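Dear colleague,

I am passing on a structure for you to look through, and below it I have set out what was found. Please read the notes with the structure open beside them.

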Amino acid sequence: MLRNPRTHFAAAMAVLLALVFATPSHATTDSGTDKDKREKIVHMLELNGVTNSLPSLVGPNIDGVMAKIRRTHPDLSEEAREAINKEVQSLFNQLMDVTMDMLTDMYDRNFTTQEIEKLIEIYESPVWRKQVTLQGKMYRQMAEEMQRVSAPLMTATMERIRQRCEELGIEY
(Lines give C-alpha, C1' and ligand atoms only; values in the text may rest on other atoms or scores of the structure.)
Protein backbone atom coordinates (compact mmCIF):
# COMPACT_ATOMS: atom_id res chain seq x y z
CA MET A 1 0.00 0.00 0.00
CA LEU A 2 1.22 3.47 -0.87
CA ARG A 3 1.92 5.68 2.16
CA ASN A 4 2.96 8.95 0.55
CA PRO A 5 -0.06 11.22 -0.26
CA ARG A 6 1.77 12.59 -3.30
CA THR A 7 2.14 9.05 -4.61
CA HIS A 8 -1.59 8.50 -4.06
CA PHE A 9 -2.36 11.70 -5.91
CA ALA A 10 -0.03 10.80 -8.78
CA ALA A 11 -1.58 7.35 -9.08
CA ALA A 12 -5.09 8.79 -9.11
CA MET A 13 -4.13 11.34 -11.75
CA ALA A 14 -2.61 8.58 -13.88
CA VAL A 15 -5.95 6.73 -13.80
CA LEU A 16 -7.84 9.88 -14.76
CA LEU A 17 -5.46 10.74 -17.59
CA ALA A 18 -5.70 7.21 -18.95
CA LEU A 19 -9.48 7.57 -19.09
CA VAL A 20 -9.31 10.96 -20.79
CA PHE A 21 -6.87 9.74 -23.42
CA ALA A 22 -8.91 6.56 -23.93
CA THR A 23 -11.97 8.67 -24.74
CA PRO A 24 -12.31 9.08 -28.49
CA SER A 25 -11.70 12.65 -29.51
CA HIS A 26 -14.27 14.39 -31.62
CA ALA A 27 -14.23 17.63 -33.56
CA THR A 28 -16.47 20.23 -31.98
CA THR A 29 -16.63 23.03 -34.51
CA ASP A 30 -15.06 21.58 -37.65
CA SER A 31 -17.73 18.93 -38.16
CA GLY A 32 -19.26 20.59 -41.18
CA THR A 33 -22.40 21.63 -39.28
CA ASP A 34 -23.39 25.22 -39.94
CA LYS A 35 -23.86 27.24 -36.76
CA ASP A 36 -27.61 27.78 -37.19
CA LYS A 37 -28.33 24.10 -37.74
CA ARG A 38 -26.09 23.12 -34.83
CA GLU A 39 -27.93 25.51 -32.52
CA LYS A 40 -31.25 24.05 -33.65
CA ILE A 41 -30.01 20.51 -33.02
CA VAL A 42 -28.84 21.44 -29.51
CA HIS A 43 -32.21 23.06 -28.84
CA MET A 44 -34.01 19.97 -30.13
CA LEU A 45 -31.89 17.73 -27.88
CA GLU A 46 -32.80 19.90 -24.89
CA LEU A 47 -36.50 19.73 -25.76
CA ASN A 48 -36.63 15.97 -26.24
CA GLY A 49 -34.91 15.30 -22.92
CA VAL A 50 -31.64 13.90 -24.26
CA THR A 51 -29.56 16.68 -22.71
CA ASN A 52 -31.06 16.02 -19.27
CA SER A 53 -30.41 12.30 -19.57
CA LEU A 54 -26.73 12.64 -20.51
CA PRO A 55 -25.51 12.77 -16.89
CA SER A 56 -27.04 9.34 -16.29
CA LEU A 57 -25.21 8.07 -19.37
CA VAL A 58 -21.85 9.56 -18.43
CA GLY A 59 -22.20 9.46 -14.64
CA PRO A 60 -21.61 5.73 -14.10
CA ASN A 61 -18.20 6.04 -15.77
CA ILE A 62 -17.27 8.82 -13.37
CA ASP A 63 -18.68 6.91 -10.39
CA GLY A 64 -16.54 3.94 -11.40
CA VAL A 65 -13.42 6.09 -11.47
CA MET A 66 -14.14 7.50 -8.02
CA ALA A 67 -14.96 4.08 -6.58
CA LYS A 68 -11.70 2.66 -7.91
CA ILE A 69 -9.71 5.55 -6.48
CA ARG A 70 -11.39 5.17 -3.06
CA ARG A 71 -10.85 1.41 -3.14
CA THR A 72 -7.20 1.50 -4.14
CA HIS A 73 -6.27 4.57 -2.08
CA PRO A 74 -8.46 4.64 1.04
CA ASP A 75 -6.09 6.84 3.02
CA LEU A 76 -5.96 9.85 0.69
CA SER A 77 -5.72 13.22 2.39
CA GLU A 78 -8.63 15.65 2.16
CA GLU A 79 -6.47 17.90 -0.03
CA ALA A 80 -5.82 15.02 -2.45
CA ARG A 81 -9.52 14.10 -2.49
CA GLU A 82 -10.49 17.67 -3.35
CA ALA A 83 -7.91 17.83 -6.15
CA ILE A 84 -9.11 14.47 -7.51
CA ASN A 85 -12.76 15.55 -7.32
CA LYS A 86 -11.88 18.69 -9.30
CA GLU A 87 -10.14 16.61 -11.98
CA VAL A 88 -12.97 14.07 -12.08
CA GLN A 89 -15.49 16.90 -12.52
CA SER A 90 -13.36 18.19 -15.39
CA LEU A 91 -13.37 14.71 -16.92
CA PHE A 92 -17.15 14.52 -16.50
CA ASN A 93 -17.55 17.87 -18.27
CA GLN A 94 -15.28 16.74 -21.10
CA LEU A 95 -17.25 13.52 -21.53
CA MET A 96 -20.50 15.47 -21.56
CA ASP A 97 -19.14 17.82 -24.23
CA VAL A 98 -17.82 14.96 -26.37
CA THR A 99 -21.12 13.09 -26.08
CA MET A 100 -23.11 16.20 -26.99
CA ASP A 101 -20.83 16.79 -29.98
CA MET A 102 -21.30 13.20 -31.15
CA LEU A 103 -25.09 13.48 -30.87
CA THR A 104 -25.14 16.81 -32.66
CA ASP A 105 -22.99 15.42 -35.47
CA MET A 106 -25.22 12.34 -35.78
CA TYR A 107 -28.33 14.48 -36.15
CA ASP A 108 -26.50 16.73 -38.60
CA ARG A 109 -25.58 13.77 -40.80
CA ASN A 110 -29.01 12.15 -40.68
CA PHE A 111 -31.49 15.04 -40.67
CA THR A 112 -31.92 18.17 -42.74
CA THR A 113 -32.38 21.56 -41.11
CA GLN A 114 -36.06 21.43 -42.06
CA GLU A 115 -36.45 18.03 -40.38
CA ILE A 116 -34.79 19.34 -37.23
CA GLU A 117 -37.22 22.27 -37.28
CA LYS A 118 -40.14 19.82 -37.56
CA LEU A 119 -38.78 17.83 -34.62
CA ILE A 120 -38.56 21.05 -32.62
CA GLU A 121 -42.22 21.76 -33.42
CA ILE A 122 -43.15 18.31 -32.15
CA TYR A 123 -41.04 18.62 -29.01
CA GLU A 124 -42.47 22.05 -28.22
CA SER A 125 -46.04 20.74 -28.44
CA PRO A 126 -48.07 20.40 -25.22
CA VAL A 127 -48.60 16.67 -25.75
CA TRP A 128 -44.85 16.05 -26.05
CA ARG A 129 -44.15 18.16 -22.95
CA LYS A 130 -46.70 16.01 -21.11
CA GLN A 131 -45.01 12.85 -22.38
CA VAL A 132 -41.61 14.07 -21.16
CA THR A 133 -43.09 15.03 -17.80
CA LEU A 134 -44.73 11.61 -17.33
CA GLN A 135 -41.92 9.51 -18.79
CA GLY A 136 -40.20 8.67 -15.48
CA LYS A 137 -43.50 7.80 -13.82
CA MET A 138 -44.50 5.63 -16.77
CA TYR A 139 -41.16 3.77 -16.72
CA ARG A 140 -41.64 3.03 -13.02
CA GLN A 141 -45.18 1.81 -13.72
CA MET A 142 -43.86 -0.38 -16.53
CA ALA A 143 -41.19 -1.87 -14.27
CA GLU A 144 -43.81 -2.66 -11.62
CA GLU A 145 -46.13 -4.25 -14.19
CA MET A 146 -43.29 -6.27 -15.72
CA GLN A 147 -42.36 -7.55 -12.29
CA ARG A 148 -45.98 -8.49 -11.55
CA VAL A 149 -46.45 -10.25 -14.90
CA SER A 150 -43.04 -11.92 -15.06
CA ALA A 151 -43.12 -13.56 -11.62
CA PRO A 152 -45.77 -16.18 -12.50
CA LEU A 153 -44.19 -16.71 -15.92
CA MET A 154 -40.81 -17.36 -14.32
CA THR A 155 -42.36 -19.81 -11.85
CA ALA A 156 -44.15 -21.68 -14.65
CA THR A 157 -40.99 -21.74 -16.78
CA MET A 158 -38.90 -23.09 -13.92
CA GLU A 159 -41.49 -25.84 -13.37
CA ARG A 160 -41.39 -26.80 -17.08
CA ILE A 161 -37.58 -26.88 -16.94
CA ARG A 162 -37.75 -29.13 -13.87
CA GLN A 163 -40.24 -31.44 -15.59
CA ARG A 164 -38.20 -31.59 -18.79
CA CYS A 165 -35.03 -32.42 -16.85
CA GLU A 166 -36.95 -35.14 -15.00
CA GLU A 167 -38.17 -36.60 -18.35
CA LEU A 168 -34.60 -36.67 -19.62
CA GLY A 169 -33.32 -38.26 -16.45
CA ILE A 170 -31.32 -35.18 -15.47
CA GLU A 171 -31.13 -34.40 -11.79
CA TYR A 172 -32.41 -30.90 -11.23
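A crossing is left-handed if the near helix is turned anticlockwise from the far one by less than a right angle, and right-handed if clockwise. By that rule the crossing of α2 and α5 is left-handed, where helices are DSSP runs of H or I with at least four residues, strands are E runs of at least two, and both are numbered from the N terminus.

This is a predicted model, in which local features need pLDDT of at least 70 and side-chain atom pairs count only at pLDDT 80 or more, while totals for chains, interfaces and linings use all residues. Residues are numbered from 1 along each chain as its sequence is written, and side-chain values use heavy atoms, with hydrogens and water left out.

The protein has six helices and zero strands. The axes of α2 and α5 (lines fitted to C-alpha atoms, for helices over the stretch in contact, with angles from 0 to 180 degrees between N-to-C directions) come within 9 Å and cross at roughly 30 degrees. The two helices, α2 and α5, are therefore roughly parallel to each other, since angles under 35 degrees count as roughly parallel, over 145 as roughly antiparallel, 65 to 115 as roughly perpendicular and the rest as oblique.

Contact means heavy atoms within 4.5 Å. Among the residues that meet are Lys37, Ile41 and Met44 in α2, and Ile116, Glu117 and Tyr123 in α5. Leaving aside neighbours within four places in sequence, leucine 45 is in contact with Val50, Thr51, Met100, Leu103, Thr104 and Tyr107. Residues 24 or more positions apart account for 80% of the contacts in the protein with a separation of 6 or more.

Best wishes
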